[in-house]
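Hi everyone, thanks for coming. Let me put the structure up, and then I'll walk you through a few parts of it.

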Amino acid sequence: MLKVDGATVKIAGFTILRGLTLEVEIGRIVGLIGRNGAGKTTTLRTIMGLVDLQSGDVQLEGQSLVGLAPHVRAQRGIGYMPEDRRLIPAMTVEQNILLPAWARDIPNADQRLQTIYKLMPEVKELASRGSTQCSGGQQKLVALARSFMSGSKLLLLDEPFEGVAPALSQRLVRAVKELAEAEQGVSVLVCESEFKWARLLAEKIYVIERGETTQETTPAAAPAHAVPDNFTTARASELTS
Ligand SMILES: Nc1ncnc2c1ncn2[C@@H]1O[C@H](COP(=O)(O)OP(=O)(O)OP(=O)(O)O)[C@@H](O)[C@H]1O
Ligand SMILES: [Mg+2]
């Protein structure tokens with residue numbers, strides 16, 4: 001279980017997260033939905049240890065991660081798919097996927113790779129291709145596969161559906177669900193700027209506004225598309241009641 005409790009983060013003197021609180025229970029897929037600049041990426045970077053907390057706590061399985069370097073958090077089973085994919089251009093698809101295992105001494109790396117290939121055969125087909133020779137959508141699948149290499153307990157996915165055609169988005173939804181099923185007990189936190197795909201994927205959805213979670217809702221109660229301007233806390237509680 002992931003717990004973010006009262007996370008406050010300052011970047012360059014500005015308060016970006018304001019006591020943000022959320023929970024991802026073991027084995028659940030949870031969405032974090034908010035407009036551009038709401039603080040989604042900062043939240044994931046905070047959980048990954050890429051930015052420091054001013055106050056508050058981040059816990060995985062009841063243990064605080066505060067003060068642990070990002071690579072130590074990865075060793076503890078956290079996988080991160082950044083917004084911009086960040087594949088290494090000089091490497092093949094397979095080398096990119098294996099990179100977290102080489103860097104962090106991840107156990108069962110070969111077994112995990114075979115599981116990934118079984119669940120995502122299109123990634124296996126690309127294995128020996130240079131990562132720059134993949135389309136943007138294919139690179140998203142590769143980045144998802146790479147996050148799964150270290151994410152045995154928690155997957156942090158930053159806008160996996162952004163700029164992806166509907167057919168591939170459906171494929172990504174299935175891939176995340178299948179990965180989660182194959183790796184029993186893995187928790188997933190997925191950020192998006194609209195509800196559309198998160199509704200199909202997540203079992204619980206938080207709305208993030210100006211660096212704090214303002215609402216918790218269910219996929220069935222969430223609006224179908226963008227966060228509407230009138231989706232205030234009051235309106236959302238009507239939806240969930
Ligand atoms: N390095 C930085 N320096 C200054 N401000 C920053 C920095 N990184 C983020 N911010 C600010 O923090 C706020 C939250 O940014 P963040 O990237 O977390 O938002 P987001 O919800 O992921 O947005 P998007 O949907 O555009 O990806 C924004 O106002 C942004 O301008
Ligand atoms: Mg972002």
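First, the housekeeping. This is a predicted model, so local features need pLDDT of at least 70 and side-chain atom pairs count only at pLDDT 80 or more, while totals for chains, interfaces and linings use all residues. Residues are numbered from 1 along each chain as its sequence is written, and chains are lettered from A and ligands numbered from 1 in the order in which they are written.

Let's start at strand β7, residues 154-158. Helices (H or I, at least four residues) and strands (E, at least two) are DSSP runs, numbered from the N terminus. Is β7 buried or exposed? Five of its five residues are buried, meaning that 20 or more other C-beta atoms lie within 10 Å of a residue's own, with C-beta atoms placed from the backbone; 12 or fewer would be exposed, and anything in between partly exposed. L154, L156 and D158 point one way, and L155 and L157 the other.

Together with helix α7, residues 166-182, β7 and β8 form a right-handed β-α-β unit; with the strands pointing away from you, the path from the first strand over the helix to the second runs clockwise.

On to the largest nonpolar core, with 65 residues: buried Ala, Val, Leu, Ile, Met, Phe, Trp, Tyr and Cys joined through C-beta atoms within 7 Å. V142, A145, L156, V188 and V190 touch the most other members. Helix α6 (residues 136-150) gives the most to this core, seven residues.

Next, ligand 1. Around it are 14 residues, each with its C-beta atom, placed from the backbone, within 6 Å. N36, G37, K40, T41 and T42 come nearest. Helix α1 supplies the largest share of the shell, three residues.

Finally, T46, also found in α1. Why does T46 count as buried? Because 23 other C-beta atoms lie within 10 Å. Beyond neighbours within four places in sequence, T46 is in contact (C-beta atoms, placed from the backbone, within 7 Å) with A7, V9, L17, V51, L53 and V58.

Technical notes:
Two residues are in contact if their C-beta atoms, placed from the backbone, lie within 7 Å.
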